[in-house]
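Here are my notes on the model. Please read them alongside the coordinates.

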Amino acid sequence: MIQKMSIEELAVGMRIIGRGLGWQIQPNTFGEDLDITSQEQIHNIRELGYTEAFVYLPDPPEQCAPAQPTQPFPPPGYQGPTVALAEELPKAQALHAKCTVYAQKFMSDSAKGRFNYDEAEPFVEGLLASTQRNPGALLSLSRLHQTDAYTYKHCVNVAILSISLARSLHHDTMKVFTTGYAGLFHDLGKALVPKQILNAPRKLSTTEFKVMQEHPTLGYRELMRVPQVQEDVLRGTLEHHEKFDGTGYPGNLAGAAISHIGTVVGMADVYDALTSQRPYKSSIPQNTALGIMFQMRNKAWAESMLAEFIQMLGVYPVGSVVELEDGTLAVVTDVSENSTAPKVMVVQSQLGKTIREMRDLTRQGEARIVTAYTAEEKNVDVLSVLASVTE
Ligand SMILES: [Fe+2]
């Protein structure tokens, strides 16, 4: 069996199992396969700053032990898909488009003083239902075609990411629902920021930046006028730019003073911005974005909350274009069982030939992921690959 041990408990003769867990998930855990043959190795691991490792312990011969779980780590919090990705994708696509049009409407309504909170209900309900049927469909769509209507798609994407995280954290349905509202409306205040500042194609002046920083408060005030608005939606909107170390805005709140919902929406906001393609920046691979966010741990958000976010998305989220150690190129299709060894569709052989082959990287002897690319870098039509996944 495989058991987690502190570095102090390691001894010569033991075998460390790396499990392929990257620093993003287990920063204190030594992540390489290693047979310990000397005390010096243990000393070196400790010097590198690791405090624990997974060690293989042979089962006692006569032990009649219950079957070991095949997955030694808790599975990601959300339940696996109930329908295939290919089945959910067209529905998710239509829903994403409708929600984007709706986001455009509520931003424009808000600017005209005609904001109607109740109109959001069917859209949030739709997002929640799709996420329950197949969590990967909306999540992968939210990472594609980011070049147009960014502001409105951003509202929808932050709602999708927030709902997905709330589900992964096992919040009850009502709370997940409210989290969706908070994600959707988090930037409502931007409708009230002067257009010349909001759309300025240049670096903002200090004064302009101060005006821009008022958008959480402006959105909060707008939502305060809605009698039925939930507390979580108010705080998610007001606190999505607060930072764990107290350097955020508008309240300079720190640590536990920032609401859970503020952190959830804030992480979703940053992740969507990092992975989006904009006129002035190309997109970056999703795992690179998670790496950047990891560098912001305990500054922008508590490390424990970020770990939940990474666990939910998988180190290589659905739709990621990855290279396997055998030289093949693949698209990640399902992370619900193992966040570092997902199911993938291989799209290119070692020789560069286009193929379609499903592989489950949790299987014994399977190749590991060595690196990730953006879809543009490798010219992969991720959507059509995902649409062909029927298992
Ligand atoms: Fe914002």
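Where is the place of Glu 222? Point 2 takes this up.

1. Ground rules. This is a predicted model, in which local features need pLDDT of at least 70, side-chain atom pairs count only at pLDDT 80 or more, and totals for chains, interfaces and linings use all residues. Residues are numbered from 1 along each chain as its sequence is written, and side-chain values use heavy atoms, with hydrogens and water left out.

2. Glu 222. Glu 222 sits in helix H9 (residues 215–224). Helices (H or I, at least four residues) and strands (E, at least two) are DSSP runs, numbered from the N terminus. Glu 222 is buried, at a relative accessible area of 8%. Buried means under 20% relative accessible area, exposed over 50%, and partly exposed in between, with a 1.4 Å probe and protein chains only. Leaving aside residues up to four places away in sequence, Glu 222 touches Ser 110, Phe 115, Leu 188 and Leu 192. Contact here means heavy atoms within 4.5 Å. From Glu 222 to Leu 234 the separation is 12 residues in sequence and 9.5 Å in space, C-alpha to C-alpha.

3. The iron site. The iron ion has as protein donors Asp 187 (OD), His 215 (NE2), His 240 (NE2) and His 241 (NE2), at 2.2 to 2.3 Å. Donors are N, O and S atoms within 2.8 Å of the metal (3.2 Å for Na, K and Ca); water is not among the atoms, so sites may look incomplete. Along the chain, the donor spacing is D-x27-H-x24-H-H. Distant parts of the chain are linked: Asp 187 lies in the loop between helix H6 (173–185) and helix H7 (195–198), and His 241 in the loop between helix H10 (231–239) and helix H11 (260–275), 54 residues apart. Asp 187 is buried, with a relative accessible area of 4%.

4. Geometry at the iron. Why is the arrangement irregular? The four donor atoms subtend angles of 84 to 172° around the iron ion, and that makes it so. Four donors count as tetrahedral if all angles lie between 85 and 135 degrees; four count as square planar and six as octahedral if opposite donors are over 155 degrees apart and all others between 65 and 115; anything else is irregular.

5. Helix H13. In H13 (residues 303–313), the buried residues are Met 305, Leu 306, Phe 309, Ile 310, Met 312 and Leu 313. They lie on the same side of H13, because their arc around the axis is only 160°. That arc is taken from the directions from the helix axis to the C-beta atoms. Their packing partners are helix H4 (135–141), helix H5 (150–168), H11 and helix H12 (286–295).

6. Five strands form an open sheet in the order S9-S8-S7-S6-S10, with antiparallel pairing. Strand S9 (354–360) and strand S10 (369–373) are the edges, each pairing on one side only. Two strands pair if DSSP finds at least two bridges between them.

7. Strand S7. S7 (residues 329–334) and strand S8 (residues 343–348) pair over five antiparallel bridges. Val 331 stands opposite Met 345, and Val 332 has Val 344 as its bridge partner. Six of the six residues of S7 are buried, so S7 is largely enclosed by the rest of the structure.
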